[in-house]
Amino acid sequence: MRHPVVAGSFYPSSRESLLAMLAEFVKRNPDERIKACVAPHAGYMYSGKTAGKIYSLVPPAETYVIIGPNHTGYGSMVAVSTDTWSTPLGEVEVDEEFVNAMPKVIVDMDETAHRYEHSIEVQIPFLQYAHDNFKIVPICLGMQDEETAKEVAHEIITAEEKTARKIVVIASSDMHHYLPDRRCREADEKVIESILSMDVSNYYRTIYGMQASVCGYGAIAVAMLYAKHHGCKAELVDYSTSGDVADKSSVVGYAAIGFRQ
């Protein structure tokens, strides 16, 4: 069992309080055309409003493939979990058939990378609030270069084709970190434009050229590659910074992006 590690800090540990908070953020209006998305992973008081905007649109699926960066440095560099995941809203099983269908050329089955990592955990209560009867495939990225992103996207697409699952790919990432609010918004605008272009190589040139502090840039690239395979276009659904609710002198940016067919 993968027990929650940021319940009580990033989001409420009480089921009732968590449900009340999610009810403020998520207004269900599912869009079946959405095949992938980007959602932030900060504390809900900071990024929950923006995350809720995209989860309001995410359609029902059999399996949600959630890709997040490895902030802790533990475990394998590209790690999929097969443990059952627990949150204050209950337990969610991993789709082991999907995991088994992945070629696992680059993806390792490893729980250590996930044990203390928050980027995937914080997405799950949103899914539990909005949907019933689904499984997840949690993939944690310690390597986020373009070649790794291409290989991970290939593994997901291969498993999708083998299992014929209806899936949605969720990239867990915040945008720039610890800049003054105005500078953060300006920097994030450039990165978001490169995501909306659906040109992954250009996106990486932007990230590297700016030395962008976008923590899940590789996860975003995987979502872009998967979405491009399915003929999707990208749309910015919502944007905010932590300066909307806290000090503006040093903020983190949050973007909700949908990839629609």
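1. Two strands pair if DSSP finds at least two bridges between them. Strands (E, at least two residues) and helices (H or I, at least four residues) are DSSP runs, numbered from the N terminus. The model is predicted: local features need pLDDT of at least 70, side-chain atom pairs count only at pLDDT 80 or more, and totals for chains, interfaces and linings use all residues. Residues are numbered from 1 along each chain as its sequence is written, and side-chain values use heavy atoms, without hydrogens and water.

2. Strand β11 spans residues 251-260. Strand β1 (residues 34-39) runs antiparallel to β11, joined by 4 bridges. Here Cys37 stands opposite Gly258.

3. Strand β10 (residues 233-241) is also antiparallel to β11, with 8 bridges. Ser240 faces Tyr254 across that pairing.

4. How many residues of β11 are buried? The count is 10 of 10, so the strand is largely enclosed by the rest of the structure. Buried means under 20% relative accessible area, exposed over 50% (1.4 Å probe, protein chains only). Both faces are covered, with Ile257 and Phe259 among the buried residues on one side and Tyr254 and Arg260 among those on the other.

5. Helix α8 (residues 200-210) buries Val200, Tyr203, Tyr204, Thr206 and Ile207. They cover an arc of only 155 degrees around the axis (directions from the axis to the C-beta atoms), which puts them on the same side of α8. Arg205 and Gly209 are exposed on the face turned away.

6. Asp199 caps the N-terminal end of α8, with a side-chain oxygen 3.3 Å from the backbone nitrogen of Ser201. Just after the helix, Gln211 has a positive phi of about 50 degrees.

Notes: A polar contact is a pair of N or O atoms within 3.5 Å; within protein, one must be able to donate a hydrogen and the other to accept it, and residues adjacent in sequence count only if both atoms are side-chain atoms.
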